Amino acid sequence: MRDAAPERLRYTAAQQALHWVTAALVLAVLPLAWVAESLAREAPSKGTLFVLHKSVGLTILAVVVVRIVWRMIHPAPPHPRTPPALTLLGRANHVLLYAIFLIMPVSGYLLSALAGRDTPYFWLFTVPGLDKNEALQPIFKQIHLVGQWAVYALVILHVLATAWHVAIRRDGLHERMLPAQDPPA
């Protein structure tokens, strides 16, 4: 569509950066948990991996809060070739992704905090724990475990939808989340 200003059809540079930072953090937080969980309780690196996992999780929380605020100020750009039903599905997936990327760090923090443990943030400072509560802790453990599967499902759906837009629809929708390119000469 040549008559519409291309920048109006793209996410802002800040939205693009926040999207890709979130993606990188999610790709980091998952293997940190997988490896930490697979280690024996007394393994020397287990604690380090969990500090990294929790720190990355808290970073995801902060980045997603910034993303939500930024998105409220700068709504998603329209895409003229996307049918309303697909737009609705995309919005639903984004809302669910935002929700799960808020739920996971909060439930992870509460899981740890309700065990009476403080949460170091990259060894820079410590987020204090809470009074030990053995009744609530299993609830947040379950939320965190179920949320893990929701993350997998929603991220896979997001990636598959992007691949579908690229390979099948070929509608350029994915380009809104990429930096603008100079047209070929």
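**Figure 1. Thr82 in the loop between α2 and α3 (84–113).** In this predicted model, Thr82 has a relative accessible area of 14% and is buried, because the cut-off for that class is under 20%. The side chains of Thr82 and His79 are joined by a polar contact of 3.0 Å. Leaving aside residues up to four places away in sequence, Thr82 touches Thr87, Arg169, Asp171 and Leu173.

**Figure 2. The largest cavity and the residues that line it.** One cavity of 30 Å³ or more is counted. The space in the largest cavity is about 50 Å³. Its lining consists of Tyr11, Gln15, Leu18, Arg67, Arg71, Tyr98 and Met177. Two elements, α1 (13–38) and α2 (46–73), each give two or more residues to this lining.

**Figure 3. Residue classes in the lining of the largest cavity.** Four of the lining residues are nonpolar, one is polar and two are charged. Arg67 and Arg71 are the charged residues of the lining, and Gln15 is the polar one.

**Figure 4. Residues 1–5, where pLDDT stays under 50.** For residues 1–5 the model has two contacts beyond four places in sequence. Over the protein, pLDDT averages 92, and 95% of the residues score at least 70.

Key
Residues are numbered from 1 along each chain as its sequence is written. This is a predicted model: local features need pLDDT of at least 70, side-chain atom pairs count only at pLDDT 80 or more; totals for chains, interfaces and linings use all residues. Side-chain values use heavy atoms; hydrogens and water are left out. On a 1 Å grid over the protein atoms alone, a cavity is a set of points where a 1.4 Å probe fits but cannot get out, and a pocket is an open set with protein on both sides within 12 Å along at least five of seven lines; lining residues have an atom within 4 Å of a point. Grid points are joined across faces, edges and corners, and a volume is the space filled by probe spheres set on the points. Helices (H or I, at least four residues) and strands (E, at least two) are DSSP runs, numbered from the N terminus. pLDDT is the predictor's confidence in each residue, from 0 to 100. Contact means heavy atoms within 4.5 Å. Buried means under 20% relative accessible area, exposed over 50%, partly exposed in between (1.4 Å probe, protein chains only). A polar contact is a pair of N or O atoms within 3.5 Å; within protein, one must be able to donate a hydrogen and the other to accept it, and residues adjacent in sequence count only if both atoms are side-chain atoms.
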